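Good morning, colleagues. Please look at the sequence and the structure on the screen while I go through the main points.

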Amino acid sequence: MNIKDFLTNKKGASGIGTLIVFIAMVLVAAVAASVLINTSGFLQQKASTTGKESTEQVASGLQVTGVTGVNSTTSENITHLVAYITPNAGSSAIDLSQAKLFITYNGVSAVLKANTSAIDGTSGTPDVLSATLLTNTTATKFQVVSLQDFDGSVAKNQVINKGDLVAIAINTGAIFSTTTGIPNRASVSGKLQPEFGAPGILEFTTPATFTTKVVELQ
């Protein structure tokens with residue numbers, strides 16, 4: 001092959017061009033695959049985290065097993081409430097020190113937080129309705145009393161978990177001071193809202209007459 005034929009031969013140039021295009025396609029595909037893999041991994045982690053948080057939110061929560069009222073002999077009104085709280089089945093541990101209690105009566109809606117420390121009542125003392133316990137409650141704070149607390153989490157950190165039972169003491173006389181408590185035939189609603197999960201619901205109507213000092217309300 002002479003020099004003129006060599007210079008005019010396009011076969012080698014075409015092959016190099018095809019190779020360059022092929023390499024470019026491989027590089028683009030590799031970059032795209034890398035982006036897709038990273039994105040899918042990120043989405044998988046987000047989905048896993050979201051699923052875990054959603055399950056925790058749905059499964060966790062508090063349940064009110066009963067509400068007792070203390071009838072003052074002087075005003076003949078409910079001056080204190082004691083609500084019995086336990087975690088829902090399958091619930092994660094819940095920090096009651098971060099929970100908020102919402103209670104509404106006669107157009108007044110109050111928001112309370114937990115007292116600075118819980119009282120250990122697992123031995124049966126103090127009495128849940130004792131004067132000592134009830135004086136720890138104010139217009140802005142409720143008192144937590146551990147009644148069933150195998151691992152001591154409530155007494156130590158006010159954390160309620162599986163199998164625990166606590167009493168929440170509420171000073172309605174201080175909250176609804178305009179009526180010095182809650183009279184008969186009165187509708188009361190409220191909820192104990194934890195950081196996450198379903199709240200414990202309080203909803204009852206006081207009886208027409210108070211014949212005893214301790215009244216079962218819910």
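Predicted model: local features only at pLDDT ≥ 70, side-chain atom pairs only at ≥ 80, totals over all residues.

The accessible surface of the protein chain amounts to about 12500 Å², and carbon and sulfur atoms account for 60% of that area. Among the elements, β10 has the highest mean pLDDT, 95, whereas helix α1, residues 3–8, has the lowest, 57.

As to the overall architecture, the protein chain contains five helices and 12 strands. Of its 218 residues, 36% are buried. Taking contacts with a separation of 6 or more, 66% of them join residues 24 or more positions apart.

Which residues of the largest nonpolar core touch the most other members? They are F142, V144, I168, I170 and L192, within a core of 35 residues. At least two residues of this core come from each of β1 (62–71), β2 (78–87), β4 (100–105), β5 (108–114), β7 (141–148), β9 (165–170), β10 and β11 (200–205). The largest share is that of β2, with four residues.

Leaving aside residues up to four places away in sequence, L192 touches L62, I85, L96, A99, K100, L101, F142, I168, P199, G200 and L202. Two of these partners, F142 and I168, are also listed among the core residues that touch the most other members.

Now to the surface. L19, F22, I23, V26 and L27 together form a nonpolar patch of about 490 Å². One of them, L27, belongs to helix α2, which covers residues 11–59. L27 has a relative accessible area of 54%, and therefore counts as exposed.

Finally, I would draw your attention to two backbone details. Q158 is not a glycine, yet its phi is positive, near 60°. This residue sits in the loop between α4 (153–157) and β8 (159–160). Is Q158 buried or exposed? Its relative accessibility is 3%, so Q158 is buried.

The second case is R185, likewise not a glycine, with a positive phi of about 60°. R185 is located in the loop between α5 (172–175) and β10 (187–193). Here the relative accessible area is 60%, so R185 is exposed.

Thank you; I welcome your comments.

Conventions
Residues numbered from 1 in each chain as written. Heavy atoms only, no water. Patch = residues over 30% accessible without salt bridge, like charges linked within 9 Å, V, L, I, M, F, W, Y side chains within 5 Å. Areas by Shrake-Rupley, 256 points an atom, 1.4 Å probe, with all protein chains shown as cover. Salt bridge = Lys/Arg side-chain N within 4 Å of Asp/Glu carboxyl O. Buried < 20%, exposed > 50% of the residue type's maximum accessible area, 1.4 Å probe, protein only. Contact = heavy atoms within 4.5 Å. pLDDT = per-residue confidence, 0-100. Core = buried A, V, L, I, M, F, W, Y, C linked by side-chain atoms within 4.5 Å.
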